[in-house]
Amino acid sequence: MAIEILELGEKDRKRRRDFLDVARDIYADDPAWVRPLDMDIEDRLDRKKNPFFDHGEAQGFVAYRDGRRVGRITAQIDHAHLERHKDAAGFFGFLDTVDDPEVARALLEKAAAWNRARGMKRLRGPLSLNINEELGCLVEGFDTPPMIMMPHHRSYQGGLIEQAGLTKLKDFYAWTYDVGAVPARAQKAHDEILGLPEISARHLDPERFGDEVRILMDIFNDAWSENWGFVPLSERELAKMAADMKLILFPEITYLVSIDGEPAAVALALPNINEVISDFDGKLFPFNVAKLLYRLRVKGPKSARLIILGIKKKYRHVRKYAGLSAFLYVAMNRSAHLLGLERGELSWTVEDNAAINAGIRLMGGRIYKKYRVYEREL
């Protein structure tokens, strides 16, 4: 029973459909899996639509055994990453396989060969397609559905990656917390920040969201610049992010804090779209658009994901602003409660970022999922 690994072609509709539909085969009996919208996956792989391809290159592959689709993967290079980190790392992503070591090994070898042929010295992943999209293989927390823009995997997938010769490089945490009660220490820090005359806070304005995202990304690029694997967003990535987010934005769960009129800290949460598309089977058109709008805007989701919370470095070690993170957590919690949200996820954080992880614990957050990035030398 030979395994065949075939490339995705721009005009090969059947193989591109297999790349999408093989996930349905793999997760058919997994009640926690939520199929992403096909149009989102297709756009991310589209060289014309995804600004990643301005500074990156990628190739998708589908695995077949005796003509039956059994897995998928992408191999990619992010030249912005290479320019910044100079580590000769190539990546793989979108890895989903049946529970078969031979299939996983064949897919990862194909990704390794693709990267090796382009001069890369190590293979790292999963990243789909780079660090600013989906990251990691789920290794803990298989019993709950993934949040918006977070991956999900079968419990065997990490083991298959390790059997193929890759080892752990870094773990990342997803935290869950119940909207409502706020720990006393966090409330005290919030109140102290609120009492400072130079502090002002507001929601992001959806009417000029393009400009607002530029402010947000300015803080992001400063606050995250020393984080593991950081790559700044390009202008086109910024514009696409603004357009995508505006469609689902709830301004109430966004905050911008300024100090003496200068933007200093930001928090951005997005409603959990996965909660409202779980029965769409990846299809939005033609019949599910109305369902999406009703469930999102009228019925309302019960969960959201905090995807960005950052403080500019110049304020991070100023003693009187030490409570800025707690201020944002408490403010976001209050707004989420007023929206009728019941649960939040804060994701992701790096396992060795002690300060951030301690702050989340202060708010009552609990680690409930772990994602792992693997690596091997080529």
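A residue counts as buried when its relative accessible area is under 20%. By that cut-off, 55% of the 378 residues of the protein chain are buried in this predicted model.

**Overall build**

The chain folds into 12 helices and 15 strands. Its radius of gyration is 21 Å, close to the 21 Å that the globule rule gives for 378 residues, so the chain is as compact as a globular protein of that length. Along the principal axes, the C-alpha atoms fill a box of roughly 70 × 45 × 35 Å. The accessible surface comes to about 16,900 Å², and carbon and sulfur atoms hold 52% of it.

**Two domains**

The chain is divided into domain 1 (4–174) and domain 2 (180–341). Their centres, taken over C-alpha atoms, lie 27 Å from each other. Domain 1 puts 32 residues into the contact, and domain 2 puts in 28 residues. The size of an interface is often given as the accessible area lost when the parts come together. Here domain 1 and domain 2 bury about 2,700 Å² between them. Carbon and sulfur atoms account for 63% of that area.

In soluble globular proteins, nonpolar side chains tend to be buried together. The largest nonpolar core in this model has 68 residues. Helix α11 (residues 324–339) gives the most to this core, with 8 residues. Both domains take part: domain 1 (4–174) and domain 2 (180–341) each supply at least three residues.

Which residues have the most contacts inside the largest core? They are M217 and I308. Beyond its neighbours within four places in sequence, I308 is in contact with L216, M217, F220, W224, V266, A267 and L268. A second, separate core has 24 residues, among them A63, L123, A164 and Y374.

**A buried glutamate**

E237 is found in helix α8 (residues 235–246). Is E237 buried or exposed? E237 is buried because its relative accessible area is 10%, which is under the 20% cut-off. Leaving aside neighbours within four places in sequence, E237 is in contact with P51, F52, H55, N130 and P232. G300 is 63 residues from E237 along the chain, and their C-alpha atoms are separated by 28 Å.

| Residue | Contacts beyond four places in sequence |
|---|---|
| I308 | L216, M217, F220, W224, V266, A267 and L268 (within 4.5 Å) |
| E237 | P51, F52, H55, N130 and P232 (within 4.5 Å) |

Definitions and conventions
Residues numbered from 1 in each chain as written. Predicted model: local features only at pLDDT ≥ 70, side-chain atom pairs only at ≥ 80, totals over all residues. Heavy atoms only, no water. Core = buried A, V, L, I, M, F, W, Y, C linked by side-chain atoms within 4.5 Å. Buried < 20%, exposed > 50% of the residue type's maximum accessible area, 1.4 Å probe, protein only. Helix = DSSP H or I, 4+ residues; strand = E, 2+ residues; numbered from the N terminus. Domains from an automatic or database assignment. Rg over C-alpha atoms; globule rule 2.2 N^0.38 Å. Areas by Shrake-Rupley, 256 points an atom, 1.4 Å probe, with all protein chains shown as cover. Buried area = accessible area lost by both parts, 1.4 Å probe.
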